[in-house]
Amino acid sequence: MSMSAPNVSGSISGISPNCDELLAVIVSSAGAPPDVIPKRLLPALKNASSQIFLLSTSDGKDPLTVLDPEKNTIGFLYFVTTRSYIDRPNNVPGLIQHLVNFINKFDPEEAKLAIDRFTAIPEALSRLASGIGKPVLAIRPLVTAIQRLAPTPAHLTTLHYRFIKICLLSKHYKDALAVLDNDIEEVDPQRLSINVEDVLLYHYYGGMAYIGMKRFDRALEFFSLVISSPSQVTSAIQIEAHKKYVLVSLLEHGKLLPLPKYTTQVVLRVFKNNCGGYLEFAQAFESLNVTRVKNEFAKVADMFTKDKNLGLARQVLQALYCRNIQQLTQTYMTLSLADIAKQVGLEGPRAVHEAEELVVQMIESGQIFATISHAHAQGGGMVSFDDDPDRYDNGLTLAELDARIQRAAAVGERVGKLDRGIGLSKEFLARVSINIPFHYDLYVVIGMFR
Amino acid sequence: MNDNLDANATKRKRTGKVTVDSPNNLDLDTYIANYKGHTKVDRLLFIADRCPALQIDAYRLAVGELKTGSLDSAKYSHAVGKLNDALIARGLAPQSLDAAWVEATQKRARAQTEKLESELKGYKNNMIKESIRMGHMELGDHFYNCGDLSNALKCYSRTRDYCTTAKHIVDMCLNVMRVSIELGNFSHVQSYISKAETAPEVQDKSLVQAKLRCASALANLDTNNQNKYKLAAKMFLETSFEITNNYSEVISSNDVAIYGGLCALASFDRAELKSKVMDNNEFKNFLELEPHIRELIHSFYHSNYKTCLEILENSKNDLLLDLHLHSHVEMLYENIRKKALVQYFSPFQSVDLNRMAASFSTDVRRLESELALLITDNQIQARIDSHKKILCAKQQDQRSHVFEKSLTIGTDYDKATRALLLRFNMVKADLVVRPPKEI
């Protein structure tokens with residue numbers, strides 16, 4: 001983080017203006033020509049000692065009430081963040097109120113000029129909210145902040161991963177959805193000062209939040225984005241994401257899904273060399289052989305613990321039985337619980353009972369369609385497997401289909417737009433025209449492209 | 001040299017060595033009379049190696065064949081050594097090695113080599129293309145006769161530059177193929193087959209074609225292609241009966257019937273079996289030679305699985321003693337059995353497992369797990385009612401299936417495209433994971 005810890009105890013340096021003067025600069029910059037802010041206001045704010053932002057004006061007014069968060073966005077930002085950052089801020093609820101007010105009113109264009117300062121807001125707000133024991137207070141305002149700062153919901157900002165991290169730490173996964181469900185497509189390092197870590201961390205934390213909500217398909221998608229990001233070397237974030245990708249893939253699909261083929265080789269290689277245990281565990285899982293999976297699990301359990309993935313791995317182990325039962329539904333119409341227990345590899349005196357519990361669970365969660373009958377005492381009950389009763393012939397299907405078509409069309413349109421953009425770009429045209437040795441060959445070349 | 005021979009032998013055995021206690025109805029003398037040249041010896045040695053019951057006879061025949069028909073003294077000594085091992089193991093008196101013959105043969109072989117090489121040199125000086133070709137070929141034949149396969153292959157390949165007519169090319173290809181088959185280098189065989197096939201009109205074309213088909217079928221058997229049995233079967237079925245005893249240095253017409261029949265059975269569906277095998281007049285001639293294979297195919301076609309499986313069981317040991325087919329026997333049998341199971345069930349909506357088990361002479365428990373495997377492999381669209389012991393056809397609802405599939409494809413497209421959009425924009429904005437900057 002670029003913001004240095006404010007030096008509260010330091011003395012006010014001679015060259016910095018006092019609070020009134022600073023306020024005058026801030027107020028006079030409002031509505032001034034566009035180059036005033038970067039040339040005059042920002043240097044003044046940056047050079048000012050942090051002590052100044054804690055003072056009141058000479059006539060005893062609080063600068064936060066003097067300044068207008070909409071017109072004096074940057075000035076207000078400096079005051080409010082510095083105040084939230086000191087060790088023991090006064091009037092915490094009041095500060096939170098000021099921050100929330102600021103978030104609702106700030107001018108996004110101006111905020112972008114002081115984005116490094118703006119980026120401190122999530123942590124500041126979360127600190128204040130946790131300080132009074134209500135971390136949840138930080139979440140809603142931050143959603144607003146992101147929505148207001150990002151030009152479109154598809155744009156990534158520096159606030160994104162910081163916000164998701166706060167949601168993860170306070171376990172408010174559902175609140176993250178307002179941001180997470182907008183897929184990031186646009187990245188604008190020039191105007192929003194984001195870097196590649198922003199992209200990686202956002203998708204990594206996002207994947208973890210989706211795991212928290214048990215939406216494994218989305219988690220998988222997010223981790224896959226991290227792993228397949230353009231890379232020259234491997235980032236530690238990518239390795240961690242890859243670990244989780246393997247486990248979630250097993251959990252959701254029962255096998256290791258292939259990564260996009262444009263994934264950089266070096267990322268795959270580094271993972272293979274350092275975390276081979278995960279891949280061997282996945283291989284064992286794909287065989288659906290319970291003993292083999294358990295052996296492999298025992299071998300890599302230490303690694304899982306170290307990586308803090310043990311809980312997830314345990315879920316994967318449990319899912320193995322479900323996976324096996326699902327396999328049985330493809331093969332059998334009826335099967336006794338005893339046979340199920342045997343076929344899926346449950347052992348011990350309670351095997352039949354455990355099998356029944358699993359089947360009941362799976363029926364409840366809609367993973368399989370079956371009925372258990374205890375009419376025949378033999379084998380402790382018979383399970384009849386049914387087909388998926390969804391015949392795709394109701395309005396719901398139609399609505400779903402329609403939504404999907406619209407989604408696909410929208411994506412297709414964006415791709416088309418991008419394609420046109422490339423086709424018209426100078427770089428592309430220059431690249432194409434290099435390949436034309438003489439200008440009169442142009443028609444031939446164009447003919448080749450058709 | 002002996003090590004070399006052993007290494008050669010082990011290379012061919014991809015699967016573990018199977019020992020056959022007793023052949024089913026293999027008559028060694030009649031069987032081996034169908035072959036001549038190297039394959040005769042190789043087959044004898046192979047049988048001796050695997051079948052203790054026939055070991056002594058097979059070694060004796062091999063030794064006799066080597067002594068009369070070839071200059072391969074190394075192989076002769078090797079075979080005699082093996083024969084004596086076998087004799088001693090059974091407490092019989094060993095047969096002595098004919099050292100005088102070995103020495104004379106070696107001398108003769110050397111003299112012949114020198115003579116042919118000097119002749120070839122002479123031809124080369126005279127620059128007469130045809131003579132050079134003949135010289136190379138004779139030298140190749142000689143090396144082949146001495147068992148020096150790699151040199152033989154070199155000589156045969158060298159004739160290539162001196163071929164002037166289509167016949168020369170075909171001869172060259174056939175020679176190279178013969179040696180390569182013996183060496184087990186089937187990719188080589190494949191490429192020379194295509195060379196020979198592109199040669200323009202030649203005399204007795206159909207015979208040449210037949211030979212090429214057989215070689216190609218053998219080459220197909222050796223590949224790791226999933227469809228290898230189907231391809232091999234097709235080749236054997238296209239083989240003309242003219243081959244009768246004209247390719248016995250590689251394969252006999254009985255082999256064509258057995259190999260072709262089994263491969264076809266393991267890979268063709270019922271309709272293909274009828275149109276390509278049973279109604280194939282050319283192949284009928286082959287089947288006449290091996291009536292049990294004909295009966296096998298007929299019983300399979302007429303859904304008489306019990307007879308079919310019995311015939312298979314009765315000829316298994318013989319096939320395990322076949323030089324080319326032994327490593328494929330298990331696989332072929334498995335495929336045939338699977339196909340029989342699939343075909344048995346195909347006309348029914350539901351089948352009583354007890355009756356099915358009886359038709360396949362097995363018990364319900366085992367049949368159930370066999371069927372479960374087939375269902376998992378998606379070869380039978382059915383489900384087992386383990387309670388009532390019934391196999392029921394799966395009612396695949398095509399409409400639901402299409403819906404399900406298109407929804408998945410739609411989701412995948414959506415995800416992939418969005419991921420690509422992000423990736424594209426990242427590359428465009430130069431957001432790439434880079435090594436940390438050096439400080």
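Trainee: Why are helix 1 of chain A and helix 2 of chain A called roughly antiparallel to each other?

Mentor: This is a predicted model, so keep that in mind throughout. Helix 1 (residues 19–29) and helix 2 (residues 36–47) of chain A pack at an angle of about 160 degrees, their axes 10 Å apart. Angles over 145 degrees count as roughly antiparallel, so that is the label for helix 1 and helix 2 of chain A.

Trainee: Which residues of helix 1 of chain A meet helix 2 of chain A?

Mentor: On helix 1 of chain A you have A:L22, A:V25, A:I26, A:S28 and A:S29, and they meet A:V36, A:R40, A:L41, A:A44 and A:L45 of helix 2. Sorted by class, that contact has seven nonpolar, two polar and one charged residues.

Trainee: Over to chain B. What makes helix 9 and helix 11 of chain B roughly parallel?

Mentor: Again, look at the angle. The axes of helix 9 (residues 166–183) and helix 11 (residues 205–222) of chain B cross at roughly 30 degrees and come within 11 Å. Under 35 degrees counts as roughly parallel, so helix 9 and helix 11 of chain B get that name.

Trainee: And what is the handedness of the crossing of helix 9 of chain B with helix 11 of chain B?

Mentor: Left-handed. In the contact, B:V170, B:L174, B:M177 and B:I181 of helix 9 meet B:V208, B:K211, B:L212, B:A215 and B:L218 of helix 11 in chain B. By class, that makes eight nonpolar, no polar and one charged residues.

Trainee: How do you know that the reach of helix 5 of chain A is close to the expected one?

Mentor: Helix 5 (residues 92–105) of chain A has 14 residues and spans 20 Å from first C-alpha to last, close to the 20 Å expected at 1.5 Å a residue. Its buried residues are A:V92, A:G94, A:L95, A:I96, A:L99, A:F102 and A:I103. Their cover includes helix 3, helix 4, helix 7, helix 8 and helix 9 of chain A.

Trainee: What makes the phi of A:S193 worth a look?

Mentor: Most residues other than glycine have a negative phi. A:S193 is not a glycine, yet its phi is positive, about 50 degrees. A:S193 sits in the loop between helix 12 and helix 13 of chain A.

Trainee: Why is B:K389 called partly exposed?

Mentor: The relative accessible area of B:K389 is 23%.

Key
Residues are numbered from 1 along each chain as its sequence is written. Chains are lettered from A and ligands numbered from 1 in the order in which they are written. This is a predicted model: local features need pLDDT of at least 70, side-chain atom pairs count only at pLDDT 80 or more; totals for chains, interfaces and linings use all residues. Side-chain values use heavy atoms; hydrogens and water are left out. Axes are lines fitted to C-alpha atoms, for helices over the stretch in contact, and angles run from 0 to 180 degrees between N-to-C directions. Helices (H or I, at least four residues) and strands (E, at least two) are DSSP runs, numbered from the N terminus. Angles under 35 degrees count as roughly parallel, over 145 as roughly antiparallel, 65 to 115 as roughly perpendicular and the rest as oblique. Contact means heavy atoms within 4.5 Å. Ala, Val, Leu, Ile, Met, Phe, Trp, Tyr, Cys and Pro count as nonpolar, Asp, Glu, Lys and Arg as charged, and the others, Gly among them, as polar. A crossing is left-handed if the near helix is turned anticlockwise from the far one by less than a right angle, and right-handed if clockwise. The expected span of a helix is 1.5 Å times one less than its number of residues. Buried means under 20% relative accessible area, exposed over 50%, partly exposed in between (1.4 Å probe, protein chains only).
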